Amino acid sequence: MSFSKIIATGSYLPSSILTNQDLEKRLDTSDDWITSRTGIKQRHIIGDEEKTSDMAYEAAIKAIKAAKIDANSIDLIIVATTTPDKVFPSTACTLQSKLGIEECPAFDIQAVCSGFIYALSVADKYIKTNSARTVLVVGADAMSTITDYSDRGNAILWGDGAGAVILKASQEPGILSTHIHAQGKYEDLLHVPRKSDEKKDTIDMVGNQVFKIAVNTLDRIVDETLDANNLKKTDIDWLVPHQANIRILEATAKKLSMGMDKVIVTIDRHGNTSAASIPLALDEGIKTNKILPNQLILMEAFGGGFTWGSALIKL
Ligand code: COA
């Protein structure tokens with residue numbers, strides 16, 4: 001049986017930046033409050049003419065170049081997004097066309113902030129069952145397009161961006177395990193209503209309740225992942241978490257008895273970019289030579305649904 005191995009990464013952030021100082025001018029909030037409660041100082045915001053597929057394309061093309069492969073050798077494209085360009089076609093199909101790939105299966109996955117982990121999990125299964133050999137997985141989100149900038153309870157959190165990885169069939173690990181979960185009963189704590197139902201179609205969140213459930217759930221997913229691989233906390237070299245709130249990242253690092261110097265942190269500069277946050281952080285960790293070949297990396301995420309999941313990988 002083959003393993004799937006991440007052979008290259010790429011990422012993209014829009015050029016426009018929204019700082020806490022900018023938000024202070026629009027909302028009853030302060031840089032101090034946002035920094036101390038979330039760890040966020042700024043986020044990137046998609047341009048007026050830009051779409052999720054454009055960000056996905058920029059990240060994907062960098063990953064394809066870094067992998068030194070012909071785009072047409074990609075035999076599966078999965079895009080994790082909550083903010084597709086259109087209801088249909090999928091953003092994955094639009095991306096395929098932009099990349100000039102003649103034909104291959106392409107589809108989106110909707111698991112909000114856990115989307116990248118879900119997508120990685122599906123890609124891994126395709127490779128392990130010999131149904132694909134080279135897979136492009138992208139996490140791309142334009143959360144600013146579904147944010148109500150008069151709601152200080154969550155407008156401060158979100159940012160836009162995209163991250164991509166190329167997975168290839170390999171005799172060496174690779175992705176060691178993935179774990180995905182969902183519980184739909186929590187819908188009311190974090191969702192985007194339909195305008196026809198609630199007169200709004202922007203993110204609605206009960207932040208403090210989401211926070212508590214996220215911390216407890218991520219604790220459990222850490223145990224599940226370590227147990228499934230017969231590993232100890234100290235075996236993990238890097239935590240590459242979904243970037244929702246620095247306090248959630250710190251709680252997971254504490255659970256792993258890990259110093260924050262072993263956690264890839266981008267939330268201060270990116271905010272919460274939903275499905276894009278893990279591949280953005282992974283790319284940064286690799287490009288800054290923090291994450292090195294053969295190291296063990298734990299990725300985890302929690303998001304709307306509720307969905308949550310983890311992936312243990314060796315680079
Ligand atoms: N600026 C200033 N004050 C704010 C504020 C803001 N942007 N947002 C909320 N407040 C106020 C509240 O009105 C409340 O005031 P009160 O005590 O007078 O009623 C007080 O701050 C505390 O609010 P609370 O919501 O309990 O704050 P919190 O510490 O839980 O922080 C979040 C709010 C949203 C930052 C935090 O709950 C969070 O990050 N939640 C999880 C988010 C998440 O992970 N979401 C998606 C999953 S990917």
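Modeller: Let's start with Asn 294: at 55% relative accessibility it counts as exposed (over 50%; buried is under 20% and partly exposed in between, using a 1.4 Å probe and protein chains only). Before going on: this is a predicted model, so local features need pLDDT of at least 70 and side-chain atom pairs 80 or more, while totals for chains, interfaces and linings use all residues. Numbering runs from 1 along each chain as its sequence is written, and side-chain values use heavy atoms, without hydrogens or water.

Back to Asn 294, which has a positive phi of about 75 degrees despite not being a glycine. Its place is the loop between helix 11 (277-287) and strand 12 (296-303); helices (H or I, at least four residues) and strands (E, at least two) are DSSP runs numbered from the N terminus. Follow strand 12 and you get to the loop that connects it to strand 13 (307-314), where Phe 306 sits. A cis peptide bond joins Gly 305 to Phe 306, with omega about -10 degrees.

Phe 306 also takes us inside. Together with Leu 256 and Phe 302, Phe 306 has the most contacts within the largest nonpolar core, a set of 44 residues (buried Ala, Val, Leu, Ile, Met, Phe, Trp, Tyr and Cys joined through side-chain atoms within 4.5 Å). Strand 12, strand 13, helix 8 and helix 9 each put at least two residues into this core, and helix 8 gives the most, eight. Domain 1 (3-170) and domain 2 (175-314) both contribute, so the core lies between them; those bounds come from an automatic or database domain assignment.

For polar contacts (N or O pairs within 3.5 Å), a ligand oxygen is 2.7 Å from a side-chain N or O atom of Arg 37. A ligand nitrogen has a backbone N or O atom of Gly 207 at 3.0 Å, and a polar side-chain atom of Arg 247 is 3.2 Å from a ligand oxygen. Overall, the protein covers 73% of the 950 Å² of accessible area that the ligand has on its own (Shrake-Rupley, 1.4 Å probe).

How values were computed
A polar contact is a pair of N or O atoms within 3.5 Å; within protein, one must be able to donate a hydrogen and the other to accept it, and residues adjacent in sequence count only if both atoms are side-chain atoms.
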